[in-house]
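Open the model in a viewer and keep a selection panel at hand. The stops below go from one selection to the next.

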Amino acid sequence: MRYFLDRMDIPPEFGIIFTTVFVIYGVMILSLLAIYILNGVAMYGMSKRRYLPNPGLGFVPFANIYRLGTLAGPIVLGKRRIKNAGLWLLILPFAFSFLVTVFQFALMVPILATLDSVSYASPDAAISKVFGTVMGLMIPYMLLMAAYIAVDYVLNASVYYQIFAQYHRDSKPIVFGILAIIVPLVGTILLMTHRNRELLPEAEAYWRHEAQAWAQRQYRAVQNQDPYAAQQYPPYTLGAPNPYTPLQSPQKPKTPPTAPYPYAPPTQQPPPSPYDSLPDPPSDDGNPPQ
């Protein structure tokens with residue numbers, strides 16, 4: 001690098017600054033990659049523990065956001081019960097980005113109209129009018145951003161709380177949920193430490209029931225039945241008694257075979273042995289057995 005710096009007549013101090021910035025960015029990229037992989041490993045283990053299909057979604061971009069919400073199960077916000085929190089976690093950033101883009105295009109229309117109306121006025125008047133228009137339109141933009149941040153933080157905190165509430169009955173899920181949204185690295189460490197931990201009995205019963213219901217829906221789909229005709233189950237609340245009864249695995253209809261299986265065991269009993277009717281041997285004292 002010193003050769004190129006001398007050829008380009010650049011002072012050596014620039015090379016030190018460039019190297020430092022390059023190292024800092026390299027460390028940041030490696031750290032983010034390590035956090036991404038650890039999140040995938042943690043969600044893979046949690047998905048296996050909850051009998052969820054496709055546990056490798058934790059390593060797929062965007063799909064890992066959906067899988068994080070799926071691990072929480074249904075969450076309750078006030079009086080509203082959100083069954084698929086992962087879908088909301090995935091849609092919310094895209095919806096906000098779309099609204100911001102629409103707002104920015106809408107913001108250009110009154111600015112251009114203001115510039116056209118004051119084109120022949122003094123420069124000070126034009127600047128003042130444009131500044132007032134921009135500030136008036138920035139207020140709803142700031143309110144929209146504040147609403148998005150509040151909803152995103154509440155939803156993520158609820159998801160993390162619901163995940164950790166399946167392992168603890170005390171106040172730890174609240175603390176873990178707050179730490180996970182404030183410091184993402186702490187959230188990754190907490191997920192890693194809980195990936196192989198045993199679930200609470202009621203949470204275990206819930207996920208077993210969901211896995212059996214999913215298997216039944218898949219079985220109905222294979223049998224050309226309605227895959228959405230699953231039974232509606234009552235809402236599940238952590239800490240409450242298990243309202244679900246074990247479901248029987250679906251059995252395929254049995255059809256009589258057209259020919260006996262070639263390796264089936266023989267159905268006829270072997271002939272009796274002549275030695276079965278022999279008397280017992282005499283005892284040690286020479287007397288016949290009683």
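**Stop 1: helix 3**

Select A63, which counts as buried because its relative accessibility is 18% (buried is under 20% relative accessible area, exposed over 50%, and partly exposed in between, with a 1.4 Å probe and protein chains only). A63 lies in helix 3, residues 63-72. Helices here are DSSP runs of H or I with at least four residues, strands are runs of E with at least two, and both are numbered from the N terminus.

This is a predicted model, in which local features need pLDDT of at least 70 and side-chain atom pairs count only at pLDDT 80 or more, while totals for chains, interfaces and linings use all residues. Residues are numbered from 1 along each chain as its sequence is written, and side-chain values use heavy atoms, with hydrogens and water left out.

L90 is 27 residues from A63 along the chain, and the C-alpha atoms of the two are separated by 8.1 Å.

Now select the whole of helix 3. Eight of its ten residues are buried, so helix 3 is largely enclosed by the rest of the structure. The buried residues are A63, N64, R67, L68, G69, T70, L71 and A72. Just after helix 3 comes G73, with a positive phi of about 75°.

**Stop 2**

Most residues other than glycine have a negative phi. Y51 counts as partly exposed because its relative accessibility is 34%.

**Stop 3: E204**

Is E204 buried or exposed? E204 is buried, since its relative accessible area is 16%. Which side chain does the side chain of E204 meet in a polar contact? The partner is the side chain of Y51, at 2.4 Å. A polar contact is a pair of N or O atoms within 3.5 Å; within protein, one must be able to donate a hydrogen and the other to accept it, and residues adjacent in sequence count only if both atoms are side-chain atoms.

Leaving aside neighbours within four places in sequence, E204 is in contact with R49, Y51 and L199 (contact means heavy atoms within 4.5 Å).

**Stop 4: helices 6 and 7**

Select residues 172-182, helix 6, and residues 184-194, helix 7; they pack at an angle of about 130°, with their axes 5 Å apart. Axes are lines fitted to C-alpha atoms, for helices over the stretch in contact, and angles run from 0 to 180 degrees between N-to-C directions. Helix 6 and helix 7 are therefore oblique to each other (under 35 degrees is roughly parallel, over 145 roughly antiparallel, 65 to 115 roughly perpendicular, and the rest oblique).

Show side chains at the contact: F176, L179, A180 and I182 in helix 6 meet P184, V186, G187, L190 and H194 in helix 7.

**Stop 5: the whole chain**

Zoom out. The chain has eight helices and two strands, in the order α-α-α-β-β-α-α-α-α-α along the sequence. Of its 290 residues, 27% are buried.
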